[in-house]
Amino acid sequence: MTSLVQLLFALIACVLGALYLLGALRRRRPGEPPLDKGPLPWFGHVLEFRRDTVKFLQRMKNKHGDIFTIQLGGNYFTFIMDPLSFGAFVKEARAKLDFSKFAKPLVERVFSYIPLQDDHKFLQTSSTKYLMGDGLVVMTQAMMNNLQNLMLYSVGKGDHKTWQEAGLFSYSYNIVFRAGYLALFGNEPLNTCGNLEKAREMDRVLSEELFHEFRKYDQLFPKLAYGVLGPSERMQVMHLKRLFWNILSVQRVCSRDNISGWVKEQEQDRADQGMEEYMRDRYMFVLLWASQGNTGPSAFWLLLYLMKYPEAMRAVRNEVDKVLEETGQKVKIGGSLINLTRDMLLKTPVLDSTMEETLRLIAAPVLTRGVIKDMSFVMADGRQYNLREGDRVAIFPYTAVQMDPEVHPDPNTFKYDRFLTPDGAKKTDFYKNGKKVKYYSMPWGAGTTMCPGRFFATNEMKQFVFLMLTYFDFELKNPDEEVPEIDVRRWGFGSMQPVRDVQFRYRLRF
Ligand code: HEM
């Protein structure tokens, strides 16, 4: 027994020694950014980074300036904190800075999905075809049909005109997730349900169940991505993955009606390349996650800000009324449901600005690239730094620009018209040190990995707000309710979630 304990101690000592050496051997070379290896061998700063990325990066920026290299879990990350230098990061050739080196192992760990060589190309081609331009006309219509099914199925039936109380986060995430999922992955097939009414009811019931399971995975996601799940959580994740691979299996999805070109074509591409079916099932879950993890939470903040800022609510409501009036649509008792086309959604500068302001305040992805070979990085002011092959380079626009008081004065305050010019057009002029900042807000990322669903996501949120404003009375249960704090455990993963829900009341107006 004693010798076993001794052996164990010796082993631990060896591992710690090796980890220490791994970190300790690294020295800052001439021309490299300031190096901060952190308090723990190999792990470096990972605990503080995870605890609150915003606070940590702000502290590093105060200590080291606009560029620095830190150690996180055995990897060295160079953070660029000067937004004027983002262009050099975003536009650098993939031969030097490549996202896949970082993304591939992450996707493998989180989704157990192993991509094809051309995986990203297929994603980009299908996204351009089906989530942008003319493809968006079809998607907007699909989203509208599904939102109507989930939100308005009881219009005219008189049974939902009493006030209902709900958590705003739960409500918004639920509706936007389910409608988005149905728009992309299709509806219950008519031929198995018998009639349209039944198929629509099945859509409502089954998408509710899916959302319920998705939220479980969603809540475990930050720990999963950092690889710090406890044993029972690991089992739960495995169980959830299997459940999604089953519900979203290629066989089941392909038997649905109205499946989007985005999902269908990507499935076909992978099948044509010889990817095995079980792996294609897994890809379906990747698509579900990428498409549904951010839009619902963003829609929550958008509605919350509208309710907290009556001036914003008035301005958006006026715009919504005007757009409806221009297309000759009026919401009235017994009348047909309103339709919102993509063209209508292009005429809403006030809502656009309100949305952009919301995303500035709550969208916080860390954008990361792997350094493929030794290179030099030139900052906007001409300073030049050497970066090492095998390291990572990252930007965190939330701290670096979205909350920079020089670029966005009074950055913690919601101003619905921040992104409007005095004559009501989209404002794109923002300055730092007297220089125009091109990347003044980056909720969608940038460059080759910029969110390909951004136009669809914007439309989804607009449609949701339009329907809320036209069909419902809604208000905060407590008008003095404070905007809840952001849950700091999710910094870096996209749209943030609140630490608690906010109760609100809503009722159908018709
Ligand atoms: C408010 C909603 C959304 C936000 C804030 C958002 C944000 C982002 C961000 C920050 C990235 C990563 C960029 C990077 O790493 O450089 C991303 C990637 C991605 N998003 Fe979105 N997204 C949203 C909605 C959507 C929707 C609705 C879809 C699809 C219908 C979608 C599909 C994707 C895909 C497929 C990727 C991976 C892109 C790649 O690897 O090249 N997103 N999104």
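Modeller: In this predicted model, Cys 451 is in contact with Trp 444 and Gly 445, leaving aside its neighbours within four places in sequence. Cys 451 is placed in the loop between strand E11 (435-436) and helix H20 (454-471). UniProt, in an unreviewed entry, gives the feature "binding site" at Cys 451. Is this residue buried or exposed? Cys 451 has 21 C-beta neighbours inside 10 Å, and a residue with 20 or more is classed as buried, so Cys 451 counts as buried.

Phe 464 itself touches Leu 147, Ile 175, Val 176 and Ala 299, when residues up to four places away in sequence are not counted.

The two domains come from the domain assignment of the protein. Their C-alpha centres lie 34 Å apart. Nine residues of domain 1 are in contact with seven residues of domain 2. On the side of domain 1 that touches domain 2, helix H3 (53-64) and helix H4 (86-91) each supply at least two residues.

A sheet may be considered next. Three strands form an open sheet in the order E5-E13-E12, and their pairing is antiparallel. Strand E5 (164-167) and strand E12 (472-476) stand at the edges with a single partner strand each, so one side of each has no neighbour in the sheet. From one strand to the next, the twist averages 30°. Strand E5 is joined by four bridges to strand E13 (residues 503-508), and the two run antiparallel. Within this pair, Gly 167 stands opposite Gln 503 in E13.

Finally, the UniProt record, again an unreviewed entry, lists residues 6-25 and 283-307 under "transmembrane region". The span 283-307 is 92% helix and 0% strand, and its end C-alpha atoms lie 38 Å apart.

How values were computed:
Residues are numbered from 1 along each chain as its sequence is written. This is a predicted model: local features need pLDDT of at least 70, side-chain atom pairs count only at pLDDT 80 or more; totals for chains, interfaces and linings use all residues. Two strands pair if DSSP finds at least two bridges between them. Axes are lines fitted to C-alpha atoms, for helices over the stretch in contact, and angles run from 0 to 180 degrees between N-to-C directions. Two residues are in contact if their C-beta atoms, placed from the backbone, lie within 7 Å. UniProt positions are given in the numbering used here, feature names are shortened, and annotations may be inferred rather than shown by experiment. A residue is buried if 20 or more other C-beta atoms lie within 10 Å of its own, exposed if 12 or fewer, and partly exposed in between; C-beta atoms are placed from the backbone. Domain bounds come from an automatic or database domain assignment.
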